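Have a look at the sequence and the model below, then read on.

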Amino acid sequence: MPESVHTLFRPPFRNYQFDGAYDEMFEAPGVPRPHYQALFQTLLELPPEELRKSQQAADLSFLHQGITFTVYGNDEGTERVFPNDLLPRIIPNNEWRKIENGLTQRIAALNLFLEDIYHQGRILADGIVPRELVYSCRHFRREMRGLTVPRGIYVSICGTDLVRLPDGSFAVLEDNLRVPSGVSYMLANRKVLKKVFPTLFRDYGVSPVDHYAQALLATLRALSPPNATGRHEPKVVLLTPGVFNSAYFEHTFLAQQMGIELVEGRDLLVHENVVYMRTTAGLRRVDVIYRRVDDDFIDPLCFRRDSTLGVPGLFNAYRAGNVMLANAIGTGIADDKAVYAYVPAIIRYYLGEDPILANVQTYLLTDRSQRNYVLEHLDELVVKAVGESGGYGMLIGPHSTAEQREEFRQRIMDEPRNYIAQPTLSLSRAPCFLDGEAQARHVDLRPYILYGENVTLVPGGLTRVALRRGSLVVNSSQGGGSKDTWVLRA
Amino acid sequence: MSGQRETTMLSRVADSLYWMSRYLERAEHTARLIDVDFQLRLDQSPEAGAGRWLRLLEASQVAPPLDGKIDAATLTHILTLDRGNPSSIISCVVAARENLRQVREQCSSEMWEQLNRLYLQVNSTTSSEAWLLHSYIFFRAVQEGAHLFHGVTDSTMSHGEGWHYIQLGRFVERTDALARLIGAHFKRLPQSPDQSVENEEYLEWVGLLKSCAAFEAYCKTYTAELRPLRVAEFLLLNPGFPHSVRFSVDMVHAALRAIGELTERKAEQPLRLAGRLRATLSFSQIDEIMASGPNAYVDSIRWQCAQAHTAIHQVYFDYSVESALVA
């Protein structure tokens with residue numbers, strides 16, 4: 001960027017930079033988009049010292065509340081505060097509508113897909129999705145074949161990652177259909193921002209998010225097994241892997257907000273296919289489990305035998321229809337990164353509609369010509385392991401060394417089904433308050449979708465930020481942070 | 001159904017609260033024992049101290065060294081900062097915090113912050129000569145930290161079932177610790193227990209009272225004239241003093257009655273055992289206790305207390321599925 005452009009800016013934007021990416025705040029250097037005008041004006045008027053103080057107060061409040069996550073691959077108990085950025089990301093109402101419609105369409109189609117592949121498998125028979133792709137997926141659970149889940153809902157809590165491309169359109173980067181996390185940060189960010197920018201917040205007319213916990217509880221209750229209704233108010237619990245899990249804070253937070261019991265595997269037991277929890281007053285029957293434990297660990301009798309986090313016999317109780325799990329077992333097949341490439345076709349197949357939100361172009365490495373192309377262009381592409389999440393098991397071509405590329409080349413040759421490749425996306429950038437000034441950083445957006453009696457999206461979601469300069473990885477485990485997301489009411 | 005929402009408490013949560021409280025009480029008790037020892041040491045010959053240190057180890061359930069020799073620095077280290085000793089102060093504070101951390105959503109944030117503060121302070125302490133010289137500051141801090149925690153708990157946590165488990169853990173631990181300490185002191189029965197004691201002996205009995213935070217309260221009741229019989233009566237049978245065995249057992253009983261009502265399991269074993277222990281203490285005469293041997297008496301108290309503890313575990317925390325399904 002030429003030096004002359006910078007002088008258009010006054011602090012805190014003096015060093016604000018642009019590249020090819022879409023900028024959330026500015027339509028041209030120095031010219032904010034209409035919905036960012038008021039924030040831009042406020043920032044120009046606010047002494048940087050004020051903002052710095054607010055940032056410190058916010059950090060301290062996160063630390064005291066213990067809003068932390070655990071980093072794996074370190075000594076146990078390395079709790080870190082999840083960095084929060086003070087400058088809100090603002091989304092106009094019309095853009096949000098489109099996102100909402102697109103995600104509603106997507107969750108409906110993915111649930112139909114799951115029901116189909118665990119029953120007749122019409123989509124496989126019709127050759128829309130290759131059979132071997134489904135059956136070779138590590139997250140396909142043959143145990144779920146023929147099992148009917150209440151309302152046909154497999155995925156009732158979903159967090160979908162969206163990115164904004166240079167042309168300004170949103171695209172789906174990946175679906176998280178197993179145990180998506182991060183919603184507690186969305187709520188915590190909002191609480192802090194209301195304190196920091198009360199007037200601005202009110203004047204903007206921001207859609208509220210505080211009802212998330214209520215909506216989640218209503219969703220979970222809607223799933224309660226048919227023979228529970230009439231017996232008593234359905235008993236809903238949240239199953240956590242325990243205090244050493246990276247998202248333990250979120251588990252305690254959500255349980256508290258919903259007013260439900262936070263249980264560990266050892267608190268539950270199964271007797272004659274009924275799930276009970278051990279309370280001081282004796283055993284209490286459990287109807288719905290919002291489980292934050294992965295499929296693999298949920299029942300040692302059925303899945304991993306060495307799991308101490310699960311409940312022996314839980315799967316049989318589930319099969320018997322005596323308890324509901326949210327999300328269902330085996331939903332990971334639909335967020336496999338290779339199956340992802342077929343989601344637009346899945347939407348067309350079940351709903352007869354065109355996808356509202358686009359996918360990101362994806363190369364399937366089981367296909368010889370696509371694989372050859374990818375192997376020749378490893379330095380330009382992003383390679384991802386199909387079953388991983390959280391930013392683990394990734395190669396970012398432009399930022400990689402020859403050695404890393406060689407390693408991935410070998411891995412792809414060994415197990416082509418296990419990887420996909422995508423173009424290196426230029427995620428949109430938004431201003432963040434770092435080192436006392438506004439700097440542009442790449443962001444994505446993870447809205448949370450609830451599917452019970454109907455589909456509910458709390459407006460906004462978690463905007464994740466790659467806080468390291470130039471970084472494209474927004475995951476908390478890889479140096480990411482987050483910021484509040486303001487969806488405007490009008 | 002009535003308008004009141006049925007509240008449930010997970011057995012694991014109750015278990016954690018109970019143990020958190022026991023560990024914290026244990027840390028406080030040990031801190032007081034060493035604190036008192038420090039003060040006494042200044043007034044005594046080294047030989048007199050050595051006997052007391054062995055008693056201290058016994059009261060803390062730590063095996064004495066094989067040759068029977070021990071010095072002040074080693075003793076202090078074992079009981080304070082030795083992470084290998086599960087009943088050292090540091091081990092107890094770590095265990096208390098770990099128990100509370102696992103049920104954080106059940107306690108008030110003030111409670112968590114208070115215990116976390118105590119933990120951070122204890123955890124950052126390292127043994128050194130300079131530290132030893134001023135370690136009384138540390139022992140005071142641990143006692144105050146525990147007192148503050150209970151104060152914060154009483155005024156910020158609702159006095160429901162969870163609160164009663166905290167009470168229960170605290171007073172079960174106190175009953176046992178007091179009985180153990182009194183037992184260690186009465187091992188060597190004084191010639192004439194109803195006579196006032198003097199000199200070195202006097203200091204030992206002051207030490208016992210102070211180890212139970214009871215010296216001032218004793219003086220108010222019996223004046224500063226120390227007679228072993230009266231000390232025993234005060235520490236065992238006084239109904240109003242919070243560090244007497246009888247008071248502690250009364251609190252255990254009250255907590256169990258409240259829990260029994262909240263869980264609708266009134267007829268259960270723990271309350272019956274606590275009730276029997278309470279009756280024993282209410283109707284005992286100190287003359288009879290001394291005549292039949294105070295050691296046997298405190299042993300029986302400890303035995304009954306251990307039975308109550310086991311019953312609490314079996315009924316509330318770790319019951320068998322079969323028994324629960326029948327009920």
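In chain B, the axes of helix 1 (residues 11–43) and helix 9 (residues 199–211) come within 9 Å and cross at roughly 155°. That makes helix 1 of chain B roughly antiparallel to helix 9 of chain B, a label for angles over 145 degrees. Axes here are lines fitted to C-alpha atoms, for helices over the stretch in contact, with angles from 0 to 180 degrees between N-to-C directions. Helices (H or I, at least four residues) and strands (E, at least two) are DSSP runs, numbered from the N terminus.

| Helix of chain B | Residues in the contact |
|---|---|
| Helix 1 | B:Arg32, B:Leu33, B:Val36, B:Leu40, B:Asp43 |
| Helix 9 | B:Leu203, B:Gly207, B:Lys210, B:Ser211 |

This is a predicted model: local features need pLDDT of at least 70, side-chain atom pairs count only at pLDDT 80 or more, and totals for chains, interfaces and linings use all residues. Residues are numbered from 1 along each chain as its sequence is written, while chains are lettered from A and ligands numbered from 1 in the order in which they are written.

Over in chain A, there's an open sheet of four strands in the order 16-19-17-18, with antiparallel pairing; strands pair if DSSP finds at least two bridges between them. Strand 16 (363–364) and strand 18 (394–396) of chain A stand at the edges with a single partner strand each, so one side of each has no neighbour in the sheet. Two bridges join strand 16 of chain A to strand 19 (residues 419–423) of chain A, and A:Tyr363 has A:Ala421 as its bridge partner there.

Definitions and conventions. Angles under 35 degrees count as roughly parallel, over 145 as roughly antiparallel, 65 to 115 as roughly perpendicular and the rest as oblique. Two residues are in contact if their C-beta atoms, placed from the backbone, lie within 7 Å.
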